[in-house]
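Have a look at the structure, then read on.

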Amino acid sequence: MNTRRLIRSLSEPSIEVIGYVVLFFMIAYIYAPMIWLFLTAFSPKGGPFLEIPKSFTLENFAIVFGLKKIRAGAAALSLYMHRWIVNSLIIAITTMVVTVVTASMAGYALSRLRFRGKSIFMVGLLVLGMMPTIAKLLPLYKLCIMFGFINNLVGAGIVVASGIIPVQIWIMKGFFDHIPRELEEQAWIFGCSKLEALFRVVLPCAGPGLSVVAFLSFLAGWGNFIIPLILIRTEPLYPISLGIAASFIHHPGEIGLAVPYGPLCALSLIYVIPSMTLYFIARKYLMQIKLAKMEV
Amino acid sequence: MITKIKRLRIVRTNSTKLKYKLEEIIIIFFLFPALALFITFQVIPTLWAIYFSFTDIALYGKKLFEYKFIGLNNYEKLFSDEIFWKSFSVTFEYCTFSLLLRFTLGFIAALYITSRLFKGKAIIAGLLIIPYTLPGAVIPYMWISMLDSRYGTLNKVLMLLGLPPQSWLYERAMQSVVMVNCWSGYVLAMLILASAIKSIPDEYYEVCEIYGASRLFKFTKITLPLIKWPLVLSLILIFKEDIDDFTYVFILTEGGPNYRTELLSLYAYHKAFAFYELGAGCAVGLIIMIIVFLLTLAQIKISRIM
């Protein structure tokens, strides 16, 4: 009896200790690559490898925003860096607006309507949405020529949005499913029409869901690489993702040495910041994703 | 108050049923914008790609515009191509390892966020979600600096620990690519599973504690059965992301030494844009689609039996 208690008292905290050790390794794995990015962005002489700088400057950020010229002799650096930021914002905001509006409407309809084959419809949406992007690049390109979406930032945003809509509809339907129907029915009893009830009662309750969808779609538009790669063809219209990829010139697996790493790392940091701030606004709700039950 | 409600109700019942029907129809129309977008930019290109895979369309000369139907010719050529089978097995390897690692890491992370054992959950959650907020185009460049064989950070750490340095992007190309993919990929599973675990009522665990159940019992008999749907969904979503993974591998190894990291998506890209055989590229794309489709159906079926 005594030994059993001893073993138990030893084993209980040890789970905690093991847990913290594993957590430490996970955090090390996650943050090790980011150290280089942060240090190089603030160091006056950034190189491709990790080295601790002796002094810190904000010069690199000034170069990104076009306030300061690059030192002579540095490798070619695009003059449009500050415009890339605006372009990325345009694509991301278009994606966000289009996805939030369409996915919330469709999610509400699928949550409230009852029709035959609804579950098959939902699963079909998910399965069709899973079709890989790489398989349809060329037809997509042809289609976008017809729609005039080449070199069109809003068009690129719409195309990105169309790809993420199925999953967002599922998330949105989950949120609407968890809003009690009685709430709506009460509004009808008090004389609201269905649409009034939707705008005055349901939508305010679905705030967390809307912010989750907004967050996820903003990230999708902000970080997308393939769609701008085929749709955006001129340098001033590049989003940041494409700009970074075009600037870090190297052979696969090798590090280019003639690349201005400082400004590019600063640009990468600027690239990271909007999505992180959005996360801090939406993280309360992000944990609340209640996925719609699959009633297959 | 009561009379007011009654009056309203009477008005409601007397009002034309037509209006009521109209609103129902309006709600049906709510489906249409999403469907229109989805069908135009996703379903139609898919069907078009399927058609292209049966033609001899190519990226050079006249064949871009004047292509003709050649039946299963593209597929016959593919199945006799050695590199195709190689890239097939490479993709299988990549997806399996990625799925395992991403899912395990995500599950562990979800347990950290939700369990009562660990303190500072909000901070841990904040730290663990950061990779997901990083845009995909930055990540490979960060990792190239990590993985370089001579000056990379990872090898410096290994040498400090007294282990032999590895040539990550050449000899261990597959491992490095999987590692980079998991770096940002595990968060998806973490988010889905954490929200699922959080939605389990606390009372279940309290009852267990009253009866003195062990931690393992609580985990296997309450947590796991109650989150099985989110488990399946996270698996499906992870697989969907992995099978058409392109950016990381394209930037890190571009198919790798001797096609050792030539994923199917990369093979399709090379077929279409390096060998200019668009039809063959579309055929590879169609094969990826069929794999995804079958696996999704199988997963849904398996989860129904559970």
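## A buried isoleucine

A residue is called buried if 20 or more other C-beta atoms lie within 10 Å of its own. Keep in mind that what you are looking at is a predicted model. So is A:Ile91 buried or exposed? A:Ile91 has 31 C-beta neighbours inside 10 Å, so it counts as buried.

A:Ile91 sits in helix H3 of chain A, which covers residues 81-112. Leaving out residues up to four places away in sequence, A:Ile91 touches A:Leu153, A:Ala156, A:Gly157, A:Val160, A:Gly221 and A:Pro239. For a sense of scale, A:Arg181 is 90 residues from A:Ile91 in sequence, and their C-alpha atoms are 36 Å apart in space.

## Chain A as a whole

Chain A has 12 helices and 0 strands. Of its 296 residues, 44% are buried. Take the contacts in chain A with a separation of 6 or more: 76% of them join residues 24 or more positions apart.

The contact takes 11 residues from domain 1 of chain A and 13 residues from domain 2 of chain A.

On the domain 1 side of that contact, H1 and helix H2 (59-64) of chain A each supply at least two residues. H2(A) gives the most, with 4 residues. By class, this side of domain 1 has 6 nonpolar, 5 polar and no charged residues.

## Where the chains meet

Now for the other chain. In the contact between the two chains, 78 residues of chain A meet 83 residues of chain B. Helix H1 of chain A (residues 2-42) supplies the largest share of the chain A side, 11 residues. That side of chain A is made up of 58 nonpolar, 14 polar and 6 charged residues.

## Helix pairs in chain B

Two packed helices are described by the angle between their axes and the distance between the axes. Start with helix H6 (residues 121-133) and helix H9 (residues 173-198) of chain B, which pack at an angle of about 115° with their axes 7 Å apart. H6(B) passes H9(B) in a left-handed crossing. H6(B) brings B:Leu128, B:Ile129, B:Pro131 and B:Tyr132 to the contact, while H9(B) brings B:Trp183, B:Ser184, B:Val187 and B:Met190. That comes to 7 nonpolar, 1 polar and no charged residues.

The next pair is helix H5 (residues 82-114) and helix H12 (residues 228-243) of chain B, whose axes come within 10 Å and cross at roughly 135°. That angle makes H5(B) oblique to H12(B), and the crossing is right-handed. Among the contact residues are B:Arg102 and B:Phe103 of H5(B) and B:Phe239 and B:Asp242 of H12(B). The residues of this contact divide into 8 nonpolar, 3 polar and 2 charged.

## An open helix in chain B

Why does helix H10 of chain B lie largely in the open? Of the 9 residues of H10(B) (residues 202-210), the number buried is 0, so H10(B) lies largely in the open. After H10(B) comes B:Gly212, with a positive phi near 75°.

Conventions:
Residues numbered from 1 in each chain as written. Chains lettered and ligands numbered in written order. Predicted model: local features only at pLDDT ≥ 70, side-chain atom pairs only at ≥ 80, totals over all residues. Buried ≥ 20, exposed ≤ 12 C-beta atoms within 10 Å, placed from the backbone. Contact = placed C-beta atoms within 7 Å. Nonpolar A, V, L, I, M, F, W, Y, C, P; charged D, E, K, R; others polar. Axes fitted to C-alpha atoms, helices over the stretch in contact; angles between N-to-C directions. Left-handed = near helix turned anticlockwise from the far one by under 90°. Parallel < 35°, antiparallel > 145°, perpendicular 65-115°, else oblique.
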